[in-house]
Amino acid sequence: TDNQLRSNRIQTFLPALEPFLSSPLLYNTAIISAVEYYYGCFSSTGSMGLSAICIRGREPQFDMATLVRTPGDAPDQSLHRDVPYRGSVSVLIPLVDVTRSFGEIRLCPRSHAGRNASIRLLDTMLTQCTLVYAAPLEMGSALLYDSMVAHAGSQNSLSQTRDAMYLIFRIDSSHGLGYGANEHGQEG
């Protein structure tokens, strides 16, 4: 299923079927270990898969995979969050090398932290945030961030389309909640 995102990006949800479910991108040992570590899990076997010993109620689960295409000359995105609730981790895997002129991601550090992070207005964050640029990123590398971190894709000033895979892992069942302007900005 294709969906139009803000600033001319196109998002395709990958089906939860084979061959996607057994893909090395989804079940990469390094990515799984990083997700488990983020959630406070400690590997008991070192095997692939989400088999670590975790703090009760914090066992990460694979939620979804999407492909996001950023066409040449796509403008900057507005600051937004991937989800409006706690408990998710996003993993960005560029399918091409990403440079400062090729639509790198900008992140607002610690915008997910604090007791009121889920209701903090993005417009307020913009005035209080020093954005960090995640570039360059090599094709196939992975950038892991809390899904509530405010972020935005930068302008793709090249004529080439920039493709990236996004994996979402979660620790709770709060998915399916509505998205609003507070989470995604006015364009969301």
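Which residues does Val91 touch, not counting residues up to four places away in sequence? In this predicted model, the list is Ile31, Val35, Ala142, Leu143, Leu144, Met165, Tyr166, Leu167 and Phe169. Val91 is also among the residues with the most contacts inside the largest nonpolar core, which makes it a handy place to start the tour.

**The nonpolar cores**

- The largest nonpolar core has 13 residues, and those with the most contacts inside it are Ile31, Val35, Val91, Ile93, Leu167 and Phe169.
- At least two residues of this core come from each of α1 (29–38), β3 (61–70), β4 (88–94) and β9 (162–170).
- Another core, of 12 residues, lies apart from it and includes Val68, Leu137, Leu143 and Tyr166.
- Two of those residues, Leu143 and Tyr166, are among the ones that Val91 touches.
- As general background, nonpolar side chains in soluble globular proteins tend to be buried together.

- Ile31, Ile32, Val35 and Glu36 are the buried residues to look for in α1.
- Viewed down the helix axis, the buried residues of α1 fall within an arc of 130°, so they line one face of the helix.
- The general rule here is that an α-helix has 3.6 residues a turn, so residues three or four places apart point the same way.
- Ala30 and Tyr37 are exposed, on the other side of α1.
- The cover over the buried residues of α1 includes β4, β7 (143–146) and β9.
- After α1 comes Gly40, with a positive phi near 85°.

**A three-stranded sheet**

- Strands β6, β5 and β8 form an open sheet in the order β6-β5-β8, with antiparallel pairing.
- β6 (132–134) and β8 (151–153) stand at the edges with a single partner strand each, so one side of each has no neighbour in the sheet.
- From one strand to the next, the twist averages 25°.
- β5 (residues 105–107) is joined to β6 by three bridges, and these two strands run antiparallel.
- Within this pair, Leu107 stands opposite Val132 in β6.

**Helix α2 and Gln128**

- Gln128 belongs to helix α2 (residues 122–128).
- Its relative accessibility is 62%, so Gln128 counts as exposed, the cut-off being over 50%.
- Gln128 and Cys108 are 20 residues apart along the chain, and their C-alpha atoms are separated by 9.2 Å.

**Loop residues worth a look**

- Asn156 sits in the loop between β8 and β9, and it is buried, with a relative accessible area of 0%.
- Not counting residues up to four places away in sequence, Asn156 touches Thr70, Pro71, Gly72, Asp73, Ala74, Ser101, Phe102, Gly103, Thr161 and Arg162.
- Asp73, one of those residues that Asn156 touches, lies in the loop between β3 and β4.
- Asp73 is exposed, with a relative accessible area of 57%, and has a positive phi near 65° although it is a residue other than glycine.
- Asn8 is not a glycine either, and its phi is positive at about 70°.
- You will find Asn8 in the loop between β1 (2–4) and β2 (10–13), where it is partly exposed, with a relative accessible area of 42%.

Conventions
Residues are numbered from 1 along each chain as its sequence is written. This is a predicted model: local features need pLDDT of at least 70, side-chain atom pairs count only at pLDDT 80 or more; totals for chains, interfaces and linings use all residues. Side-chain values use heavy atoms; hydrogens and water are left out. Two strands pair if DSSP finds at least two bridges between them. Helices (H or I, at least four residues) and strands (E, at least two) are DSSP runs, numbered from the N terminus. Axes are lines fitted to C-alpha atoms, for helices over the stretch in contact, and angles run from 0 to 180 degrees between N-to-C directions. A nonpolar core is a set of buried Ala, Val, Leu, Ile, Met, Phe, Trp, Tyr and Cys residues joined through side-chain atoms within 4.5 Å. Buried means under 20% relative accessible area, exposed over 50%, partly exposed in between (1.4 Å probe, protein chains only). Contact means heavy atoms within 4.5 Å. The arc is that of the directions from the helix axis to the C-beta atoms.
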